[in-house]
Amino acid sequence: MHFRCMSTLRHFVNCIITSCQKLMNVLANDINIQSRTQRREGVLWRRIGALLTFIIALALILISFLNYSNYRKNYQELNLTRHLVLSKNLRQNLETGLNIGLNPEENVRLLPAIKEMLHRHTDIRYIGVAQESGALVGEGDIPAYTLAGWRAWQNKTNADAYWYTGDSQTFQIGFPYVNNFNVKAGAVLIVYDKSAIERATGDMARKLGQDVLLTTSLLVALTLGGVYALTHKFSRQLASIGNTIDGALDAAAPAKLEVHVLNGDVAQDINDFAALSHAVVRDLVELERALGLPEHESGGRT
Amino acid sequence: MRQLQTRLVLLTTTMLVLSALLLSWLALRHFEQALPPEMARTVAAVGDSVSEVLEKAHEHGVPLDEMVGAQEYLNTVREDNPGIAYILLIDASGQPLYESGYDALGDRPSLERLGEQTTTDISTGKTGAYFSTSVPLVFQSNRVGTLHLGQRAALVKQQVQEISYDVVTVLVVASLIALELLRFVLTFVIATPVAVTRDFLARVRKGDFSHYLPFDHLSGIGQLSARLNRVVAHINRRYQALQEQGGAEHFKHMMKQRLSGYRFHAPGRHPILFSAVLDHIRWPFFLLIFADSLSLSFFPIFVGQFYSLEMGISKNIVIGLPISIFMFTWALSMPWAGMWSDRAGHRKSFILGATITTVGLVLTACAQSLYDLLLWRSLTALGYGLVFITTQSYVSNNTAPTHRTRSMAIFLSTFFAGSLSGSAIGGILSDRLGYNSTILLSALLSAASAMFILGFLRTNPDSDATPRRKLSFNDFKLLLRNKKFSAITFLAAIPAKIALTGFLYYSVPLYLKLLGNNQSTTGRVMMAYGLAIIFLSPFVAKMADKIGRLRWFVAIGGYAAAAAMFVIYCFDSTIGLLASITLLGIAHAIGVSPQLALINDLCKEVVQEVGSGTVTGIFRLIERLGNVLGPIIAGILIAQFGFNGAFLGIGIVSLVCTTIFTAVFLWFDRHPSRAVAAVA
């Protein structure tokens with residue numbers, strides 16, 4: 001008797017423990033599903049928001065890069081124009097000298113004029129006159145390798161044109177001049193510093209960069225807020241559709257979505273899906289029973 | 001769901017436009033502050049050199065007020081620097097000594113106002129309608145006078161305005177690119193999962209459990225896919241377990257009876273449903289056109305590098321050769337490309353086309369001689385042609401007949417958006433990267449377009465490309481014998497191309513130069529055509545699909561093109577030309593997209609027989625005749641009657657062809673039996 005009582009008690013305790021375990025599992029599962037649902041709701045607006053913001057930010061960076069490139073080009077062209085004015089001025093002095101028979105090396109006013117120009121324009125690193133004969137009158141510091149390069153430029157540039165080139169540190173302009181017989185006699189050379197231009201365009205790049213940061217910060221806040229507002233309700237509806245789909249197989253009767261979900265037509269489609277899936281599973285279960293298959297052999301859900 | 005997509009598109013477009021406008025406005029403000037002082041430095045340099053000359057004379061003992069020839073010298077300086085409106089030299093007491101251009105000015109700044117500006121340093125300030133730069137003349141430590149150099153404020157404003165046009169161009173181009181990319185992303189987050197889920201649910205409603213939904217990388221709407229797939233997988237597993245168990249004959253009979261209304265997939269299979277949405281091909285196509293157009297603005301200069309006198313032909317001919325070869329190969333490749341696209345499927349042929357284009361572009365960047373370049377440009381054209389035709393074929397195959405005009409308009413607007421953005425950005429990029437690196441970047445973008453197709457363009461297993469016969473001369477004969485096909489091609493498509501190449505590409509750049517416009521203005525004015533197509537054609541085509549009667553749209557487009565030519569004939573100016581180009585864009589937005597849709601509608605039998613891709617290829621090849629004829633006709637007319645005569649002539653060609661087109665189709669309407677007989 002005592003043994004039977006003990007056994008019943010043990011069985012009762014076991015039942016309670018098993019029930020508690022089942023309840024815990026169900027609760028844990030519910031909590032899990034709930035947090036998963038919330039996570040999914042969060043995923044949609046975050047991902048869409050991030051993608052859209054990323055693309056717009058890319059467009060803004062592209063706009064700034066192109067604007068900067070245009071600015072840089074304009075700035076360089078203005079500098080070129082200014083130095084061309086100076087070259088023209090020097091060429092005029094030179095041709096005036098040639099008109100009265102003074103070659104550049106004999107023109108005593110040339111070198112002081114060059115020195116004065118260098119003094120007034122601090123961005124110019126070298127001013128010179130390269131003659132067809134190979135003689136060079138000039139002032140300033142200039143890397144030796146450019147001298148050889150100038151000869152080549154001088155040969156292929158027409159008397160009424162100019163050449164414009166550069167290296168990592170300088171921009172170089174060559175302006176051919178003509179003698180009394182209107183024949184190309186040499187070229188005026190002006191080499192000016194790149195660093196001042198780089199500094200000015202660098203400043204602009206920084207300003208434009210700051211603008212991009214400012215605009216993007218505003219954009220991120222507004223876009224993410226907008227996407228959240230637009231997709232929040234939709235995410236919830238998606239989550240409820242998900243639950244309906246999940247219940248299509250296990251529940252005694254398929255769960256039904258309310259007709260207003262996603263404008264009704266999707267709700268009807270999902271309800272049809274759940275009903276049909278439920279019906280197929282019922283048919284399959286009956287066939288499994290007819291074949292005498294235990295339910296767990298017929299493939300559980302994954 | 002469509003509502004959500006529309007709202008997201010609206011939100012994103014608004015954000016993009018607002019932030020781009022804000023950024024451009026900020027940039028413009030910086031430029032307006034930074035550039036005018038730099039412009040003034042040029043004027044100051046002129047002032048400096050004038051001051052230097054005067055100082056030398058002063059050092060020789062010539063007083064400032066007795067310098068003979070000073071007036072002539074100032075005139076010469078002003079002639080050399082046309083940006084300077086006046087030069088005025090005043091002495092220390094404020095009395096004018098010499099001037100150039102100042103007295104002739106009606107709106108000249110008063111001496112008092114200029115006097116206020118006199119400081120000890122070079123300074124620039126706005127005086128009336130001028131920016132005046134004052135250069136103090138300090139000779140031998142004595143202030144003897146001031147030199148004032150004036151630049152028209154309007155000129156400075158015009159230069160700043162030029163920069164603002166550049167900023168607006170950049171804004172438009174970057175927005176076009178971003179909008180294309182946004183459309184692509186939103187399609188994959190919302191439209192595609194919606195379309196494919198609809199298809200999936202429709203199949204299930206018919207009892208078909210044999211397909212799965214694709215994995216959703218972005219976890220948008222498609223987050224339901226995994227759950228729906230789980231249900232389908234579960235049902236299929238149970239069904240397959242039953243099949244494996246076998247059982248007696250009567251059980252098999254019962255199973256067959258019970259499950260007769262359902263379809264399941266075979267064991268070990270995992271068939272996935274895909275949806276063919278037009279926007280899937282739109283971004284890769286845009287990217288490829290964009291990539292190839294990057295080199296448009298500098299390609300003639302790039303080709304010029306390969307020229308040498310030993311070639312014995314004119315440099316202009318050499319520069320034109322690779323462009324002509326490209327166009328020629330592109331046109332010739334079209335029918336074969338169309339046939340191949342029909343046989344191999346859109347995915348394969350696009351990837352192959354983009355790969356060939358990539359290889360062609362890489363080799364173009366590495367070309368060592370003109371002959372290499374010609375070969376590699378031909379290769380690039382082959383790939384480009386294949387992608388061009390494949391996209392059109394995909395568009396017409398994956399669109400319901402009721403939406404065909406709209407989808408062709410989308411194709412057209414994507415093509416122009418890519419081409420316009422590419423050519424605008426290419427010039428800027430080549431300034432920074434150099435020609436070869438920009439072409440290599442084109443190759444990279446072309447490869448990226450193939451990667452996009454590889455990753456995103458899928459076809460359903462049951463909609464595989466149907467193998468067709470090889471292209472034959474008979475296909476051309478079949479199509480050309482079809483009176484409706486011939487009428488659309490020769491009376492609508494070719495005249496439209498004649499107007500495009502003869503007027504827009506050939507005459508407009510020359511004429512704008514003649515009117516005194518620079519290259520930037522020319523580029524910007526010509527952009528009006530592309531913009532009209534990009535923004536108008538989808539709307540007009542939507543209307544055309546709704547109303548039907550596509551041939552009336554073709555006719556209206558033809559008449560509008562003729563009207564565009566008459567506009568410039570009547571209003572001979574840059575503004576008139578801008579109006580004319582815009583009207584031509586509108587005309588083509590109305591009339592060009594319905595052409596291919598009209599062929600598909602009116603020539604169904606022959607399209608079915610020849611194949612949609614092949615028909616598109618042959619149509620585009622014949623249409624290219626217009627491209628060839630356009631510049632020739634325009635050239636002859638310009639030589640004989642001048643530009644205005646040429647515009648009138650092209651307008652008359654459009655008018656006559658459109659009138660015949662309208663009459664022919666009215667005749668077809670009244671004699672349908674003859675039209676049918678003609679088709680047969």
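A:R82 and B:E38 form a salt bridge in which the closest N and O atoms lie 3.0 Å apart; a salt bridge is taken as a side-chain nitrogen of Lys or Arg within 4 Å of a carboxyl oxygen of Asp or Glu. The model is predicted, with local features requiring pLDDT of at least 70 and side-chain atom pairs counted only at pLDDT 80 or more, whereas totals for chains, interfaces and linings use all residues. Residues are numbered from 1 along each chain as its sequence is written, chains are lettered from A in the order in which they are written, and side-chain values use heavy atoms, without hydrogens and water.

Across the interface of chain A and chain B, five salt bridges are found by this rule. Seven residue pairs of the two chains are in polar contact, both residues being at pLDDT 80 or more; a polar contact is a pair of N or O atoms within 3.5 Å, where within protein one must be able to donate a hydrogen and the other to accept it, and residues adjacent in sequence count only if both atoms are side-chain atoms. On the side of chain A that touches chain B, the elements giving two or more residues are α1 (2-99), α2 (110-120), α4 (195-250) and α5 (265-291) of chain A. Helices are DSSP runs (H or I, at least four residues), as are strands (E, at least two), numbered from the N terminus. The most is given by α1(A), with 35 residues. This side of chain A comprises 49 nonpolar, 23 polar and 21 charged residues. Here Ala, Val, Leu, Ile, Met, Phe, Trp, Tyr, Cys and Pro count as nonpolar, Asp, Glu, Lys and Arg as charged, and the others, Gly among them, as polar.

The contact (heavy atoms within 4.5 Å) involves 93 residues from chain A and 89 residues from chain B. About 8,400 Å² is buried between the chains, 69% of it on carbon and sulfur atoms; buried area is the accessible area (1.4 Å probe) lost by two parts on being put together, summed over both.

Chain A has an average pLDDT (the predictor's confidence in each residue, from 0 to 100) of 77, and 76% of the residues score at least 70. Confidence in chain A is lowest in helix α3 (residues 145-156), at a mean of 71, and highest in strand β4 (residues 170-178), at 87. Where pLDDT is low, the predicted coordinates should not be read in detail.
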